[in-house]
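Q: Hi! Could we go through this model together? I'd like to pick out a few spots and hear what the coordinates say.

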Amino acid sequence: MTVLEQRRNDYQDKILHETREDPETGALLWEASGNPVPLDIFKTAWIEAPEGQAAAIAANTAAFLAEYRANPPKIDDEQMYEMRAAFGPGETVVNVITGEKTFL
């Protein structure tokens with residue numbers, strides 16, 4: 001069995017045994033996290049994704065980004081040290097999701 005065949009079998013097994021259907025959208029969600037199963041998992045498993053899968057993924061991503069923008073992570077001293085080491089003092093680092101600028 002090739003690596004690709006093994007991966008396909010593994011993903012088929014995961015889709016069958018580690019997901020649940022969202023009654024509102026018909027999308028498959030991971031049992032462990034409640035997040036929608038990504039479309040590439042279906043493609044690799046040679047399984048057709050439910051009709052509402054792409055919309056559920058888009059809605060989940062939009063909700064995550066809205067929450068992230070509302071509550072962006074704080075930069076602690078260690079992260080500031082690492083950014084200065086990586087980019088150099090005096091540089092500006094921009095969070096591409098929030099647009100927040102950090103001056104090093």
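Q: Let's start with Trp-46: buried or exposed?
A: Trp-46 is exposed, with a relative accessible area of 65%. Here buried means under 20% relative accessible area, exposed over 50% and partly exposed in between, using a 1.4 Å probe and protein chains only. Do keep in mind that this is a predicted model, where local features need pLDDT of at least 70, side-chain atom pairs count only at pLDDT 80 or more, and totals for chains, interfaces and linings use all residues. Residues are numbered from 1 along each chain as its sequence is written, and side-chain values use heavy atoms, with hydrogens and water left out.

Q: Thanks. Where does Trp-46 lie?
A: Trp-46 is in the loop between α2 and α3. Helices (H or I, at least four residues) and strands (E, at least two) are DSSP runs, numbered from the N terminus.

Q: And what is the phi of Trp-46?
A: Positive, about 60 degrees, although Trp-46 is not a glycine. Most residues other than glycine have a negative phi.

Q: Which residues make up the largest nonpolar core?
A: There are 7 residues: Ile-15, Leu-28, Trp-30, Val-37, Ile-41, Phe-42 and Ala-45. The elements giving two or more residues are β2 (28-30) and α2 (39-45), and α2 gives the most, with 3 residues. A nonpolar core is a set of buried Ala, Val, Leu, Ile, Met, Phe, Trp, Tyr and Cys residues joined through side-chain atoms within 4.5 Å.

Q: What is Trp-30 in contact with?
A: Leaving aside neighbours within four places in sequence, Trp-30 is in contact with Lys-14, Glu-18, Thr-19, Asn-35, Pro-36, Val-37, Pro-38 and Ile-41. Contact means heavy atoms within 4.5 Å.

Q: How many salt bridges does the structure hold?
A: The structure holds 1 salt bridge. Glu-18 pairs with Lys-14, their closest N and O atoms being 3.9 Å apart. The definition asks for a side-chain nitrogen of Lys or Arg within 4 Å of a carboxyl oxygen of Asp or Glu. Glu-18 is partly exposed at 36% relative accessible area, and Lys-14 is partly exposed at 32%.

Q: Switching to Gln-53: buried or exposed?
A: Gln-53 counts as buried, at 0% relative accessibility. This residue is found in helix α3 (residues 53-70).

Q: What does the side chain of Gln-53 reach?
A: The backbone oxygen of Val-37, at 2.8 Å. A polar contact is a pair of N or O atoms within 3.5 Å; within protein, one must be able to donate a hydrogen and the other to accept it, and residues adjacent in sequence count only if both atoms are side-chain atoms. Not counting residues up to four places away in sequence, Gln-53 touches Ala-27, Leu-28, Pro-36, Val-37, Leu-39 and Phe-42.

Q: Over to α4. Which residue caps the N-terminal end of that helix?
A: Asp-76 caps α4 (residues 77-87), with a side-chain oxygen 3.2 Å from the backbone nitrogen of Glu-78. Just after α4, Gly-88 takes a positive phi of about 100 degrees.
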